[in-house]
Each structure stands twice: as C-alpha cells, then as structure tokens.
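I opened this model to look up its confidence, core, surface and salt bridges. My entries follow in the order I made them.

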Amino acid sequence: MMHPSDDLGPIVSSGHLASGAMPALSEFEFALTMTVNAFHRWMLRAMTAAGVPELTPMDVLVLHNVNHRGKAKRLADICLVLNIEDTHLVNYSLKKLERLKLLKSGRKGKEKTVAITPAGEEACKRYAQIREQLLVKSVLATGVDPARLSEIAAAMRSLSGQYDQAARAAASL
C-alpha cells in the first residue's frame, strides 16, 4: 500500500539541488545537516549536564579525541582523525580546554602534545554515563539493528571521501 507522502519525492532542503542526476544525494545532505545540528545540540547539552557548560561542539569533539585511549596527542593527529582542515580551530579548543584544566600540554621530542587531565577524564566519564542513560537507551528502544547502524556509518565515512575529493577539485577551479 502506498503512503500519501510516497509521491512527494525525496525530502530535501534545496529542490534545485535535487533536480540533478542524483536526488538521493540531496536527500542525504539534508539528513546530514539535520543530524549534524542535532548532534551538536546533544553534545552541548550532555556536556553541560556532565558539569562543563562552557564548551562548543568543537571543544567536546577535541576533548573526547584527546581522552581516546589515554595517549597524548599532537595537533596534527587530532586534525587528521577529526578531518578538520583548519588547525587554528582545533588549537583554539586545545587552549580553551587547557585553561579549563581538562587538558594539559606536554612535549614529545620537539613536538607539543596534549593529554587528558583527571578533571577532563572525569568530564568524559560523566558524559558517557549520561549518553548511555539518555541516548543509547533511547536508540536501542527504536529497535535499530546495531549492524545496520555500522553499515550506515561505513557508508558515511566513504561519502566523506567523495566530498573531500570534490572539495579538492573545486579548489582548483
């Protein structure tokens, strides 16, 4: 049975972009925009609930990345893993997180590194607990198949490569 909205076409924010050879890509971009904005809102509210209200989404991403595996990280490595081209944005977050005593700087040879502090580790731990309680529990209740979610994540990582390649091509125009 056909649903009344089935004949409306893909759900997009820019019909002129969906009129080309691949309307599904515009549908993906709209869903990605909604997801990114919701994810940023979630990170801020969760970190505020964890007791650290003054962070931006970038700060939260950087904090969790530095906390990952408990190893000191270099600026270049953080940017590479998070796929961030503008090192100044990450550097600003690092300085802010250090001022808040969530990270501490160090050295590995001639290179500056950053590592998580006990306060930073505790903030990440509280965030993870809130995430389990509010987000994970809610997502599990939808019945989404974790394997399917992993497939979607793999497809998104693959598409990020396509967007990066297209960005390089556009920069040479």
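**Confidence.** I started with pLDDT, the predictor's confidence in each residue, from 0 to 100. The protein averages 92, and 92% of the residues score at least 70. I found the lowest confidence in helix H1 (residues 15-18), at a mean of 70, and the highest in H3, at 98. Helices (H or I, at least four residues) and strands (E, at least two) are DSSP runs, numbered from the N terminus.

**Ground rules.** This is a predicted model, where local features need pLDDT of at least 70 and side-chain atom pairs count only at pLDDT 80 or more, while totals for chains, interfaces and linings use all residues. Residues are numbered from 1 along each chain as its sequence is written, and side-chain values use heavy atoms, with hydrogens and water left out.

**Core.** I looked up the largest nonpolar core next. Such a core is a set of buried Ala, Val, Leu, Ile, Met, Phe, Trp, Tyr and Cys residues joined through side-chain atoms within 4.5 Å. Buried means under 20% relative accessible area, exposed over 50%, partly exposed in between (1.4 Å probe, protein chains only). Which of its 25 residues touch the most other members? They are Met47, Leu63, Leu94 and Tyr127. Two or more core residues come from each of helix H2 (23-49), helix H3 (57-67), helix H4 (75-82), helix H5 (87-99), strand S2 (111-116) and helix H6 (118-141). I then listed the contacts (heavy atoms within 4.5 Å) of Met47. Leaving out residues up to four places away in sequence, Met47 touches Val52, Pro53, Leu55, Val60, Leu63, His64, Ala123 and Tyr127.

**Surface patch.** Leu135, Val139, Val144, Leu149, Ile152 and Met156 make a nonpolar surface patch of about 400 Å². Patch residues have over 30% relative accessible area and no salt bridge; like charges are joined within 9 Å, nonpolar side chains (Val, Leu, Ile, Met, Phe, Trp, Tyr) within 5 Å. Areas come from the Shrake-Rupley method with a 1.4 Å probe; for residues, only the protein chains shown count as cover. H6 and helix H7 (146-171) each supply at least two patch residues. H7 gives the most, with 3 residues. Met156 sits in H7 and is partly exposed at 33%.

**Salt bridges.** I searched the whole structure and got 5 salt bridges. The test is a side-chain nitrogen of Lys or Arg within 4 Å of a carboxyl oxygen of Asp or Glu. Lys96 pairs with Asp59, the closest N and O atoms being 2.9 Å apart. Lys96 is in helix H5 and Asp59 in helix H3, so this bridge ties together parts 37 residues apart in sequence. Are these two partners buried or exposed? Lys96 is buried at 14%, and Asp59 is buried at 1%.

Arg74 bridges to Asp77 (2.8 Å, N to O). Arg74 also bridges to Glu111, with the closest N and O atoms 2.6 Å apart. Arg74 lies in the loop between H3 and H4 and Glu111 in strand S2, so that pair ties together parts 37 residues apart in sequence. Shared partners join Arg74, Asp77 and Glu111 into one network. I noted partly exposed values of 26% for Arg74, 30% for Asp77 and 38% for Glu111.

**Backbone.** Most residues other than glycine have a negative phi. Arg69 has a positive phi of about 65°. Arg69 is in the loop between H3 and H4 and is exposed at 67%. Asn83 has a positive phi near 60°. Asn83 is in the loop between H4 and H5, partly exposed at 47%.
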